[in-house]
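Thanks for coming, everyone. Please look at the screen.

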Amino acid sequence: MVNSTAHINYAFSLSRKGLRILGIWPDPFAPMSESHQYSLRLLIITCILCLYVFMPQVTNMILAWGNVTRMVENIASANYSMLALCKLVCTWYHGKTLRMLMTSVVTDWMISKNDEDRSTMLNIARHGRTLSFRCYITSSGALLFYLYINIMKIYRNIHQPHWILVYHFAYFYNIRKSPNYEITYVIQLLGGIYTAFINSTVDSFISILLLHICAQLINLRSALNNLVDELAKKSISSAEFKKRLATITVRHEHLISNAKTIDDCYSTVLFINMFAVTFQLCFQAFQIFTMITSNLNISVMRVSFLSFYVLLVISHLYIYCYSAERLLIESTSMAYGMYECKWYDISPKDAKNLMFMAYRSTIPLKLTAGKFGTFSLEMFATTVKTSMGYLSALLTMMD
């Protein structure tokens, strides 16, 4: 029990702490009646993102209509905050479903007694933690430059008659009056920090859930191979084989259901994510290109911030594509695993029972973007390529 709890904490430590801070952690040990309740933290963070980040960005984008450079800058930042809002609300809305999913994950760790199975689960969890760390590191790097640029901005303008906010917006109160200006500035800075934090946390959470299912599929394939080997060696009877095969089949269906649950919860949000990321990469690359080519007094900090921003967007896209690719491979490998076992050493009647599971495994498990696309490493390459194509068109419009 102690080891199981420690292993669960190890696998989900980063995403669990982050989702708890945001007030949307689907705690498997909490009562189900609390799964759809608002938390004060969630409400405050949502208000900050809506009123102090997203609305100012959209307003500034509209006001900058016709000025391509300014529009691109505002659209790029609005895209990222919109994604954070969508992921935050979606995770809260599906809290009950995700809580049931996390209960299943906890059960998997609790009932796993085989050292080899636990080793597989820990190795996969280690991959998930590595991907999560990379997301948080790129987010931290971008946030450091973001904070430095905006702190220097307030330092330079504090004694000027026209005070500048992080995101310019006409609020219902007088921002030119102290301490209204300072409070508003700090809240907008917090909004930017929350935006990066939400995206990193939710992306890591989804990735680790997918990788956990991958580990369970690997263990299930191993259990099936061992079962066929035992029957081939006459260690068990045909009746016992059918009984244990039925258990493995039910388990396989359960894992398929869990994978579909994740896809159903986040498919719509991930469609928005793919659409936004494609343009996000284009806009950020456009900003870097125009700063380097048309401005002799280049701000090194600004270019560094945008470069980290691009790296951040790419790493978040990669974490989805890698996890989904791994899920697709492991789900179809169940069929190959049955082909590689010693089915030829068992009776034809028992071998035929394997065909149902083999046929089901030919349908790969997927993480989709609104049912229009499937996340994979191929999609990762296609998205980056498409973004660069849009960049070329945008630069042509500038000329």
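Which residues line the second largest cavity? They are Ala11, Phe12, Trp109, Met121, Ile124, Ala125, Ile208, Leu211, His212 and Ala215.

Some ground rules. This is a predicted model, where local features need pLDDT of at least 70, side-chain atom pairs count only at pLDDT 80 or more, and totals for chains, interfaces and linings use all residues. Residues are numbered from 1 along each chain as its sequence is written, and side-chain values use heavy atoms, with hydrogens and water left out.

Now the terms. A cavity is a set of points, on a 1 Å grid over the protein atoms alone, where a 1.4 Å probe fits but cannot get out; lining residues have an atom within 4 Å of a point. Points join across faces, edges and corners, and volume is the space filled by probe spheres set on them. Helices are DSSP runs of H or I, at least four residues, numbered from the N terminus.

Back to that second cavity. Its space is about 70 Å³. α1 (2-22), α5 (115-157) and α6 each give two or more residues to its lining. α6 gives the most, four. Nine lining residues are nonpolar, one is polar and none is charged (nonpolar: Ala, Val, Leu, Ile, Met, Phe, Trp, Tyr, Cys and Pro; charged: Asp, Glu, Lys and Arg; polar: the others, Gly among them).

Next, the largest cavity. Its volume is about 80 Å³. It has 13 lining residues, with Tyr80, Leu83, Asn273, Val277 and His316 nearest its centre. α8 supplies the largest share, five residues. This lining divides into seven nonpolar, four polar and two charged.

Terms used
1 Å grid on protein atoms, 1.4 Å probe; cavity = no way out; pocket = protein on both sides within 12 Å on 5 of 7 lines; lining within 4 Å.
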